[in-house]
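I opened this model with a notebook beside me and wrote down what I looked up, step by step.

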Amino acid sequence: MLNHMLLFLVVLVSVEHAAFAAAALEIVNEELTHIEATGDVETPQNLTRTNFIHLERLSNRSRYVARSCKEIRDRYNEHEDGLYYLTTANGMVYQTFCDMTTAGGGWTLVASVHENSIYGRCTVGDRWSSQQGNNANLPDGDGNWSNRNTFGTAEGATSDDFKNPGYYDIVGEDMSVWHVPNNFPLDHWNLAAILRYHTNNRFLRLYGGNLFQLFKQYPVRYNIGSCSNRGPAVPIVYDHGDRESTRMLYGPNPRREFEPGFITFRAINNERAAMAICSGVKPITGCNTEHYCIGGGGYFYPDQCGDFPSFHYDRMGRGQGWSASKEITESAVLLFYC
């Protein structure tokens, strides 16, 4: 009798244990299913695991045939920011970044101006002015504002100068500019930008559809005219930032000379050197544009030559209140067409 009772208890415990184990297993399976569905838990294995579905979707973008991000948006209904492949009119394929969200999307990154050394004076890396020194015999410098030379990569556009074939191949209507801190990864450009703005009056149609054609009409070089003989000033719409935040990125002296809320082209300074772009501002009084405009030719006053000509002027001890802020000096200027 005792043996029968013991056997009954063993069976009962086994059944209860099995039921408990089954219930526990069911809970674990539910948790695993939730983790797989939501990705709530990040483990070293998950962080290094290749997402082949995502990679395949990105790889499929190479099949698109379009000359601009706007065409990709319209032809393929793409609305995600990121890297895409474009094809020029003569069949050259290249990769660049598309902003598919700002003002309806379709903005193609065509160039970036990155100051690799604020202390250099038209030295190596100053591709948007001159890498050949301050030379009166080379008034155009490297000439990259109005030639078909290309350099850099889209993904590295905040770490070095960048220019792709879209700069001269795309026929656009408007322009967008992002000021993104140096070395920020592409996935965070939008959120990291200290300023983002665009034009909306289709001004590029008046100048051949791109900056390549615009600067053919307004050469960036040593100028024999007065500093009032500048190129067009185009009003902008702010996507991040505003007029006051733009103003405060520059020194107290330049603030008295410009009006924020514009993009100005081929602005000439007192020394008759032409800057390429005053991005975010329009000169109104005075001619000290080297303190708040970027790029240019290859012949400046010696203390001004470079992609960001005199953004750090105060350190020379010749005057105070002219230097731009650390934020704007250490940010790449990204240029888009749409």
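The entries below follow the order in which I looked things up, and the model they describe is a predicted one.

**Entry 1: aromatic pairs**

I began with the aromatic rings and found that the structure holds 19 aromatic pairs. I looked up the pair of phenylalanine 97 and tryptophan 178, whose ring centres are 6.0 Å apart and whose planes stand at 65 degrees, so I noted the pair as edge-to-face, given that angles over 60 degrees count that way. Phenylalanine 97 lies in strand β2 (residues 93-99) and tryptophan 178 in strand β5 (residues 175-181), so this pair ties together parts that are 81 residues apart in sequence. Both phenylalanine 97 and tryptophan 178 are buried.

I then turned to tryptophan 145 and phenylalanine 215, which form a tilted aromatic pair with 5.2 Å from centre to centre and 55 degrees between the planes. Tryptophan 145 sits in the loop between β3 (107-113) and β4 (162-163), while phenylalanine 215 belongs to helix α7 (residues 211-217), so here the pair ties together parts that are 70 residues apart in sequence.

**Entry 2: charges over rings**

Next I looked for charged side chains placed over aromatic rings. Arginine 148 lies over the face of tyrosine 168, at 5.5 Å from the ring centre, and lysine 282 lies over the face of phenylalanine 262, at 4.1 Å from the ring centre.

**Entry 3: strand β6 and its partners**

Strand β6 runs antiparallel to β5, to which 4 bridges join it, and with strand β8 (residues 237-240) it pairs in the antiparallel sense over 3 bridges.

**Entry 4: the nonpolar cores**

Which residues touch the most other members of the largest nonpolar core? In this core of 63 residues they are Tyr167, Phe215, Phe265, Ile277 and Leu335. Strand β10 (residues 274-283) gives the most to the core, with 6 residues. I picked leucine 335 and listed its contacts beyond its neighbours within four places in sequence, among them Leu109, Trp145, Val177, Leu211 and Ile277. There is also a second, separate core of 16 residues, which includes Leu83, Phe97, Trp107 and Leu186.

**Entry 5: threonine 246**

I looked up threonine 246, which is found in helix α8 (residues 243-247). Threonine 246 is buried, with a relative accessible area of 0%. Not counting residues up to four places away in sequence, threonine 246 touches Leu195, Tyr238, Pro260, Gly280 and Val281.

In helix α4 (residues 69-76) I found that the buried residues are Cys69, Ile72 and Arg73. Looking down the axis of α4, I saw that these buried residues fall within an arc of 100 degrees, so they line one face of the helix. An α-helix has 3.6 residues a turn, so residues three or four places apart point the same way. The face of α4 turned away from the buried side carries the exposed residues Asp74 and Arg75, and what covers the buried residues includes β1 (82-87), β2 and β3.

**Entry 6: positive phi angles**

I ended with the backbone. Asparagine 77, which follows α4, has a positive phi near 55 degrees although it is not a glycine. Asparagine 77 is found in the loop between α4 and β1, and at 56% relative accessibility it counts as exposed. Arginine 272 is not a glycine either, yet has a positive phi of about 70 degrees. Its place is in the loop between β9 (258-268) and β10, and with a relative accessible area of 33% arginine 272 is partly exposed.

Note on methods:
Residues numbered from 1 in each chain as written. Predicted model: local features only at pLDDT ≥ 70, side-chain atom pairs only at ≥ 80, totals over all residues. Heavy atoms only, no water. Phe/Tyr/Trp six-rings, centres within 6.5 Å; stacked < 30°, edge-to-face > 60°. Helix = DSSP H or I, 4+ residues; strand = E, 2+ residues; numbered from the N terminus. Buried < 20%, exposed > 50% of the residue type's maximum accessible area, 1.4 Å probe, protein only. Lys NZ or Arg CZ within 6 Å of the ring centre and 35° of its normal. Pairing = 2+ DSSP bridges. Core = buried A, V, L, I, M, F, W, Y, C linked by side-chain atoms within 4.5 Å. Contact = heavy atoms within 4.5 Å. Arc of directions from axis to C-beta.
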